[in-house]
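Here are my notes after a pass through the coordinates, written up as numbered points. Have the viewer open as you read.

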Amino acid sequence: MLKLLWRFRTTLWPGLIVAILLLGFAGVLFGTLYYEAGGIAPFPVSDRILSLLKFTLFQAILSTLLSLLLGLLLAWSLAHQPRFCCRGMVVALFGSSLVLPSLIVAFGIITVLGNHGWLNQLADLLTGHTFGSYVYGLSGILIAHVYLNASFASLGLLRAFESIPIEKYRLSTSLGLSSWQRFRTLEWVAIRSTLPRIGITIFLLCFSSFAIVLLLGGSPVYNTLEVALYEAVRIDFDLPAALQIATIQLMISIALLLIASGMPQGLNNLKQPSRFIPWPEKRQVALFQRSVILLLSAIYLLPLIAVVLDGLHADIPHLFSRPLFLRSLGMSLGIASVSTVLTVILALMLADARRHFGLPLRIAERGTIGRLFGLLIAFSGNLYLAIPSLILGLGFFLIARDMGGSMTSWGITAILTANLLMSLPFALAIMIPAMAKTARRYDKLVFSLGLSPLQRWRYADWPYLRRSISYIAALSFSLSLGDLGVIALFGNQEITTLPWYLYQLMGSYRTTDAAGVALVLLVLVFGVFFAVQYGDPATGESHAAR
Amino acid sequence: MKKTLTLIAAALLASMTLHAADKPTLTVYTYDSFAADWGPAPKVKAAFEKANNCTLRFVPSSSAIGSLRKIQLEGDKTQADVLLGLDTSTADMAKATGLFAKHHTDTSKLTLPAPYKDDTFVPYDYSYFAFVYDSNKTHKVPTSLEELASMPESFKIVIEDPRSSTPGLGLLLWVKAQYGDKAADYWKRLAPHILTITKGWSEAYNLFLKGEADMALSYTTSPAYHIIAEKKLQYKTANFAKGHYGQIELAAALKSSKHPKLAQKFLDFITSETFADIIPTTNWTYPVRQTAKGLPEGFKSLYVPKMILMDGATVQKNRKAWIDEWLGAIAK
């Protein structure tokens, strides 16, 4: 064992140290808060918190199930329509859902589905009746959550479909299975293990949703636990109560990650991934799949089109002549660039360390140690989902206060950390399976040739991982652009980002300008996303078409 | 990457040079829209610095309560000399912390619509909460809270959450002042008209401007922005004869301030004529003093209601119970 730990030192320890540092950071954060609060509110929780918790869990479970269902339908359709026109574009489009600033999306959804939205206007025109204000309430929360997460689910699942070996499809074709039988006997088995992992990420995202829940929820009946947290911190200044709520979220996340760690990684079939599934669909099935893709793309695009149309009313050239706008833009781009580099490096380190466990020819294929290390890395990579951003900001602020120094630099550090933590869960969700795959594929060869880690990287990992890395970079860059949460306490006139500027405009009647900034933000997010996906000749369409 | 580092370094340097100047720096914690480039801050800064040979620095939070919490978290390390932006409903939260100093500003000459006298907080502007509507779209408008609750079911309003927003708390107190023990019953009747309850004013007002609701809870002075800055005349307030709940905004100096004299001068300044001329078209509220110049033209067409105001101590004592009552009534 010790020998193995030594042998893999260059690839194991950086990741482990990063994981330990991240966990240590979380520990210091909670410790500082605990010290400041002078304790934690005693359990059991009050009836109100309990009822908030119940609704939070209810809406998060429902959002997750619906997202998975719709995501599965979309992934299945995309997987079986490889020659669908502009399929690469559609995939990239759905890939961007995670990074869209949620408040902008929520307002886009309202433009389409709201009380006075496009749908109601159309209905009024055609029938003289409208559907009314159905979008406010549980339905609105679910619509927005499914909008943001179903597309994320579909991408993960599409990869799972594509990792099913062609041989298996060939076999089931020759057995004469129907599309449904094929799904049940072949595909379901392959994607089953991917579902819980994606589901848990979606669940935690919906669990801690706040702005969307208040905007579209309509009434305190549909409040989530985050509202209670906000109330405890901002209104009552009751830090022990805040800590109690944060602990509940932490426990739920730990429980979920524990469950996930017990599941197989779902990488059993890696012989020859099927980019093109050799399965001619029946005409009706193909038609259905195409309709699903078209319909969902249209639904996905509508709110974004609404944001664009709204933004076009603004005087964009004038916006670019304003110093404050330019400064916010510069700072947002700068912070996003640094966050991206950090995210990619840390994700590679963590994923590289992770693949030493759970694979043959490595340190521990199965057993307690492997699980323990897997858990350590999984947990450190998912801190953002386990710690509410309000608590993250608060804890960071207290640490900054105790350590002293310039609040501006602390503020920037806090934003960078938050961005990093926010991007890591998604980066790892992509990187861990990808690196495990290259390990399975090349380990025997690499170890028998005795390649150095650098050589291994150059010849085995890099060519294979390039596509995933650029995807992670785009994801993390765009995620960092849209972030708002953590800087509230650090806000001063030296730190100003685009979302902050947008909110400032919204908060002082400047709605048209705000819509313009939202458009700029949207164009940036999409621009970066598509540029990275298509700019690299080894990725994107050309790759997909090979 | 290199560019970013330079940018961050430049930001650091800028913040350091700020402290390096030998003129005294007065730091004011306030809410975001006050400190914004188009808010009162730039003009206030220029005028105050010129008169007092000092540097005035504004540090914004998303709300004045946020600024207060920041001061509490920073404890004795806080750089804040003055907190600006709490109102009569929230000032007692701040007083309870014992962090604020008594002032010596003469507030007897101020022209406030409701009496306000406090040994710690100095008023600098005021407005009235009101429901704003678009007269091109909405024609039948209620004239009292009672009428509002008995509008047809399709008449929708957007309000803010009293737990996270001052207008939201204002409406809660407004209803409480008029309905007393029957407030919960009123909220039950109003509930079907509430399209949604947002976290802050921004979301509510933007939903209204998008045409989602007939009215949004805002201020009687909101139409002035549309008249003056956008030349749009259709935005009006629903005027309630029994009175509107008021918001008087306040500032106070901290005991821990290293420049108590300068802080006191700032409190005097915010009740001066110079300040009173800046406020209307930057903060879109009324100043606390009449000036030679008078109010801008767009303000003259605004409705001036009777001001309803509860005293801060009563609000502080009952806030939690009243919010619980509101939650109980509206959640059913």
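Predicted model: local features only at pLDDT ≥ 70, side-chain atom pairs only at ≥ 80, totals over all residues.

1. Helix α16(A) covers residues 323-354 and helix α20(A) covers residues 407-449; their axes are 7 Å apart and the packing angle is about 40 degrees. The crossing of α16(A) over α20(A) is right-handed. As for what lines the contact, 19 residues are nonpolar, four are polar and two are charged.

2. A second pair to look at is α7(A), residues 138-162, with α9(A), residues 179-191. Here the angle is about 120 degrees and the axes are 8 Å apart, which makes α7(A) oblique to α9(A). α7(A) passes α9(A) in a right-handed crossing. On the α7(A) side the contact involves L157(A), A160(A) and F161(A), and on the α9(A) side F183(A), E187(A) and I191(A). By class that gives five nonpolar residues, one charged and no polar ones.

3. Now the nonpolar cores. Which residues touch the most other members of the largest one? They are F161(A) and I387(A), in a core of 168 residues. Helix α20(A) supplies the largest share of this core, with 15 residues. Note that F161(A) is also one of the α7(A) residues in the contact with α9(A).

4. Setting aside neighbours within four places in sequence, I387(A) contacts A26(A), L29(A), F30(A), Q249(A), L250(A) and L392(A).

5. For chain A overall, the secondary structure comes to 24 helices and zero strands. Of its 546 residues, 59% count as buried. Among contacts in chain A with a separation of 6 or more, 83% are between residues 24 or more positions apart.

6. Two backbone spots I'd flag. Most residues other than glycine have a negative phi. F237(A), not a glycine, has a positive phi of about 50 degrees. F237(A) sits in the loop between α12 (225-235) and α13 (239-261) of chain A, and with 23% relative accessibility it counts as partly exposed.

7. The other spot is Y509(A), with a positive phi near 70 degrees, again in a residue other than glycine. Its loop runs between α22 (498-506) and α23 (511-535) of chain A. Is Y509(A) buried or exposed? The relative accessibility is 7%, so Y509(A) counts as buried.

8. Last, over to chain B and K236(B), which is found in strand β8, residues 235-238. K236(B) has 38% relative accessibility and therefore counts as partly exposed. Leaving out residues up to four places away in sequence, K236(B) touches F131(B), V132(B), Y133(B), S135(B) and P223(B). Take F131(B): it is 105 residues from K236(B) along the chain, and the two C-alpha atoms are separated by 8.4 Å.

Methods. Residues numbered from 1 in each chain as written. Chains lettered and ligands numbered in written order. Heavy atoms only, no water. Axes fitted to C-alpha atoms, helices over the stretch in contact; angles between N-to-C directions. Helix = DSSP H or I, 4+ residues; strand = E, 2+ residues; numbered from the N terminus. Left-handed = near helix turned anticlockwise from the far one by under 90°. Nonpolar A, V, L, I, M, F, W, Y, C, P; charged D, E, K, R; others polar. Buried < 20%, exposed > 50% of the residue type's maximum accessible area, 1.4 Å probe, protein only. Contact = heavy atoms within 4.5 Å. Core = buried A, V, L, I, M, F, W, Y, C linked by side-chain atoms within 4.5 Å. Parallel < 35°, antiparallel > 145°, perpendicular 65-115°, else oblique.
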